Amino acid sequence: MEGVYRFLLTPRWLMLSVLALLAVPFCVFMGSWQLSRFDAQVEQQRNSKHDEQQTAASAPVPLRSVLPDADATVSDDDFGRIVSATGRYDTAHQYLVPSRTLDGRDGFYVLTPLRLSSGAALAVVRGWLPGDASAAQQAGTVPAPPTGQVTVDGAVQTPETTDTAEVETGQLPSGQLGMISAASLVNVLPYPVYGGWITASRPAAPLQAVPQSAAPNSGLDLKAFQNLGYTGEWFVFAGFAVFMWFRLVRREAEARSDAELGLVPHEEDARAEPEGPEAAGTEPEGAAAETAPAAAG
């Protein structure tokens, strides 16, 4: 290699070039890996959504095939499955679940326990109503559940937790419930309660059907978007490594070119120290001795 770029063949610059060549593919590999993890979560969400739609469109199955008893838990495969349950509504224990939105409107759920032949109860959200739950309680505008034995079809939901969106964790008036779960219902009902609950598929007017909630761990969580962010970071690192290599090479070449043109001293000249007594700014001892008598005379 000729010209000012001959320094690239020196051991130091060969090492820097090798490190840059290794850094670029490593960063590209890591970025591609993070992107593949994000794509996998997107595909998982798409498949989960498709499975939910197929489950919701299937014919109702008996409740006991999904929840054999009150102690059973809702599996991921059974989430959103349409079940059929037969029993009697407990008209004395109807609850309103405030702060629930539907189509961008504020409202509340109407929840009524359905007593089954086993004696346990299944929480049924009979529908949604717009407005304020407390105002509806005072006005007595909440429709009462039907009496006698009924058969209810609805989508199975998992118990809510304090992390569930729209859950009310503060103190609520009597007759209202902030969270739909067996843990919250067992404190207000005098009988066992199923862990899962259902949303009625065909609520009676003026109640409106409550759409199925998202399945647990089915959405794109913060970790997925972190993977996407890391993807961009690794690709930026790869570009930065290339940019810095070219920048350092250019600066070195300019410095050597300036040195050859005499614009700046060569590195060897800058390090060289002047030799001889003249460089130290002193005269030889002999010269000083000869000068002294002459000055005296």
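Modeller: Helices (H or I, at least four residues) and strands (E, at least two) are DSSP runs, numbered from the N terminus. In this predicted model, residues are numbered from 1 along each chain as its sequence is written, local features need pLDDT of at least 70, side-chain atom pairs count only at pLDDT 80 or more, and totals for chains, interfaces and linings use all residues. Side-chain values use heavy atoms, with hydrogens and water left out.

Colleague: Thanks! How many helices and strands does the protein have?

Modeller: There are 6 helices and 7 strands. Along the sequence they come in the order α-β-β-β-β-β-α-β-α-β-α-α-α.

Colleague: Where is Asp 78 in that pattern?

Modeller: Asp 78 sits in the loop between β1 (61–62) and β2 (82–89).

Colleague: Is Asp 78 buried or exposed?

Modeller: Buried means under 20% relative accessible area, exposed over 50%, and partly exposed in between (1.4 Å probe, protein chains only). Asp 78 counts as buried because its relative accessibility is 16%. Across the protein, 33% of the 297 residues count as buried.

Colleague: Which residues is Asp 78 in contact with?

Modeller: Contact means heavy atoms within 4.5 Å. Setting aside neighbours within four places in sequence, Asp 78 touches Val 66 and Val 156. For the protein as a whole, take the contacts with a separation of 6 or more: 71% of them join residues 24 or more positions apart.

Colleague: And how do I read a core? Which residues have the most contacts inside the largest one?

Modeller: A nonpolar core is a set of buried Ala, Val, Leu, Ile, Met, Phe, Trp, Tyr and Cys residues joined through side-chain atoms within 4.5 Å. The largest here has 20 residues, and Leu 63, Leu 114, Val 124, Val 152 and Tyr 194 have the most contacts inside it. At least two residues of this core come from each of β2, β5 (121–130), β6 (149–157) and β7 (193–200). A separate core of 17 residues lies apart from it, with Val 97, Leu 177, Ile 180 and Leu 185 among them.

Colleague: What is Tyr 194 in contact with?

Modeller: Beyond its neighbours within four places in sequence, the contacts of Tyr 194 include Leu 63, Leu 67, Pro 68, Leu 116 and Ala 182.

Colleague: Let's turn to charges. How many salt bridges are there?

Modeller: Side chains of opposite charge can pair when their charged atoms come close. A salt bridge is a side-chain nitrogen of Lys or Arg within 4 Å of a carboxyl oxygen of Asp or Glu. By this rule the count is 5. One of them pairs Asp 153 with Arg 202, whose closest N and O atoms are 3.0 Å apart. Asp 153 is in strand β6 and Arg 202 in the loop between β7 and α4, so the pair ties together parts 49 residues apart in sequence. Asp 153 is buried at 15% relative accessibility, while Arg 202 is exposed at 67%.

Colleague: Which residue does Arg 250 form a salt bridge with?

Modeller: Its partner is Glu 254, at 3.1 Å between the closest N and O atoms. Both lie in helix α4, 4 residues apart, about one turn of the helix. Glu 252 and Arg 256 also meet in a salt bridge (3.0 Å, N to O).

Colleague: And the backbone: which peptide bond is cis?

Modeller: Look at the bond from Ala 205 to Pro 206, where omega is near 5 degrees. Pro 206 is in the loop between β7 and α4 (222–260). Another backbone detail is Ser 99, a residue other than glycine with a positive phi near 60 degrees; Ser 99 belongs to strand β3 (residues 95–102).
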